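Student: I have a structure open and would like to talk it through with you. Could we go over it together?

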Amino acid sequence: MAFVPFQILYEDANILVCVKPAGIAAETKKAGQQDMASLLRNYRHSKGEEPYIGLVHRLDQPVEGIMAFGKNTQCTAALCRQLTQGAFLKIYLAAAEGTLPADKGCMLDYLKKDGRTNTTIVSHPGDPKAKKAKLRYEVLKTDTKTHPVQSLVKIQLLTGRHHQIRVQMASRGAPLVGDAKYGRKPASNTSDSGLGLCACVLEFKHPFSKEDMRFQIVPSQAIFKKYQINWGGLENT
């Protein structure tokens, strides 16, 4: 069996749930570059299975986190329906710089992607190219010893737009640690290296058994280690 450079959290005949490491794309068209979809196809092929992998949702390449994949077209379609109907619960932990307007709240914006630069900007509701983006957040911990101030923020993603969390946080003066693309200078402290974002909780219903599936991980990035919280208590925001 082929070596798997990531953690598999759950697998049965229909679905596969794993942890995407930071730095690996969910799926890419770039020749010679590894991505989760191709790695999982190779993994299935090494077990003598049909190497089909259905992509249900994405994570940005620099983001660590939980991803669910379909192992057949029927299951993939059912999971995609759940996703579009808002039945997936996705909770992230973000390490942000600056101060948010409140310790808890909702962010609602209209975001527009620029495919030429692979960036997204905040636009306005009347922009025909902009899509509604919504999330809920809660500041869990604040480190006032840093300059600027850093905070650990729990985020429930309600829509899945390109670079959504990164753009919405940065637009409110709280860019993610390590996010040079959206307003944060590259880290000078090696302990802060990497993007301060982890998709740490994923919930959905099994497409066939209808069982409630819940998966949770502890972020591996160094930036999260200084925050002493109950990692097992990341309930819905």
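Student: With which residue does E11 form a salt bridge, and how far apart are the closest N and O atoms?

Tutor: Happy to start there! This is a predicted model in which local features need pLDDT of at least 70 and side-chain atom pairs count only at pLDDT 80 or more, while totals for chains, interfaces and linings use all residues. Residues are numbered from 1 along each chain as its sequence is written, and side-chain values use heavy atoms, with hydrogens and water left out. A salt bridge here is a side-chain nitrogen of Lys or Arg within 4 Å of a carboxyl oxygen of Asp or Glu, and the partner of E11 is K47, with the closest N and O atoms 2.8 Å apart.

Student: Which parts does that pair tie together, and how many residues apart in sequence are they?

Tutor: Helices (H or I, at least four residues) and strands (E, at least two) are DSSP runs, numbered from the N terminus. E11 lies in strand β1 (residues 8–11) and K47 in the loop between α1 (36–46) and β3 (54–55), so the parts they tie together are 36 residues apart in sequence.

Student: Which residues are linked with E11 in a network of salt bridges?

Tutor: K47 also meets the side chain of E49 in a salt bridge, at 3.3 Å from N to O. The network links E11 with R44, K47, E49 and K71.

Student: Where around the axis of α2 do its buried residues C75, T76, A78, L79 and Q82 sit?

Tutor: In α2, C75, T76, A78, L79 and Q82 are buried. They cover an arc of only 165 degrees around the axis (taken from the directions from the helix axis to the C-beta atoms), which puts them on the same side of α2. On the other side, the exposed residues are T73, Q74 and T84.

Student: Which elements give two or more residues to the lining of the largest pocket?

Tutor: On a 1 Å grid over the protein atoms alone, a pocket is an open set of points where a 1.4 Å probe fits, with protein on both sides within 12 Å along at least five of seven lines, and lining residues have an atom within 4 Å of a point. The largest pocket is lined by 42 residues, of which R58, D60, G160, R161 and H162 lie nearest its centre. The elements you asked about are α2 (73–84), β5 (89–97), β6 (104–114), β9 (150–157) and α3 (164–171).

Student: Is D103 buried or exposed?

Tutor: D103 lies in the loop between β5 and β6. Its C-alpha atom is 9.0 Å from that of V153, 50 residues apart along the chain. At 59% relative accessibility, D103 counts as exposed.

Note on methods: Buried < 20%, exposed > 50% of the residue type's maximum accessible area, 1.4 Å probe, protein only.
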